[in-house]
Amino acid sequence: MNNQTYAQTTVAPSTIPSAVTTIVPAVGRVLISTLFLLAGFSKLAAPAMTIGYIQSVGLPLPSIAFGLAAFTEIVGGITLLLGYRTRIVASVMFVFTLATAAFFHNHFGDQNQFIHFFKNVAIAGGLLHVIAFGGGRVSLDGRRS
């Protein structure tokens, strides 16, 4: 005869998964948006230098490209930070980031350009996560659902 007794165990629900799924998307958006906001405001601080850089890579209409880039980085950064229309904004920023890598960081013989290219690729990867999973609970999008 088997006289084993089994202790009844109860597992308390963990708050870690909830905290992770609540806080981490917001922190991720803050970190990604900071990069775009700093880049956008630095363009506004030195427009002639930025326009000259755009001209140096041979893109047409450098003044218009400057305006579009600054607008995309600042407005996209703010809306990503707030989590407003997050998937759409992240999609635009994804394309913008890969275009920036292709047009401005394509001299792979230069180690600095090589690193910047793959930095942009990594940012695009982070943006793909935002596209896939949205802004999370701590976002304007999360408040609407």
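Helices (H or I, at least four residues) and strands (E, at least two) are DSSP runs, numbered from the N terminus. Select residues 35–55: the span is 95% helix and 0% strand, with its end C-alpha atoms 23 Å apart. This is a predicted model, in which local features need pLDDT of at least 70 and side-chain atom pairs count only at pLDDT 80 or more, while totals for chains, interfaces and linings use all residues. Residues are numbered from 1 along each chain as its sequence is written, and side-chain values use heavy atoms, with hydrogens and water left out.

Move to residues 88–108, where the chain is 81% helix and 0% strand and the end C-alpha atoms are 31 Å apart.

Next, the pockets. A pocket is an open set of points on a 1 Å grid over the protein atoms alone, where a 1.4 Å probe fits, with protein on both sides within 12 Å along at least five of seven lines; lining residues have an atom within 4 Å of a point. A volume is the space filled by probe spheres set on the points.

Select K43, E73, F96, T100 and F104. The largest pocket holds about 790 Å³ of space, and of its 28 lining residues these are the closest to its centre. Helix 1 (16–45), helix 2 (47–56), helix 3 (62–82), helix 4 (86–104) and helix 5 (111–133) each supply at least two residues of that lining.

For the second largest pocket, of about 210 Å³, select lining residues including V20, V24, I32, H129 and F133. Which helix gives the most to this lining? Helix 1 does, with seven residues.

Last, show the side chains of F108, F114, F117 and F118, which form one aromatic cluster. Rings of Phe, Tyr and Trp (its six-membered ring) pair if their centres lie within 6.5 Å; planes under 30 degrees apart count as stacked, over 60 as edge-to-face and the rest as tilted. The count by this rule is five aromatic pairs. One of them is F117 with F118, edge-to-face at 5.0 Å centre to centre and 80° between the planes. F117 is buried (under 20% relative accessible area; exposed is over 50%, partly exposed in between; 1.4 Å probe, protein chains only), because its value is 18%. F118, at 42%, counts as partly exposed.
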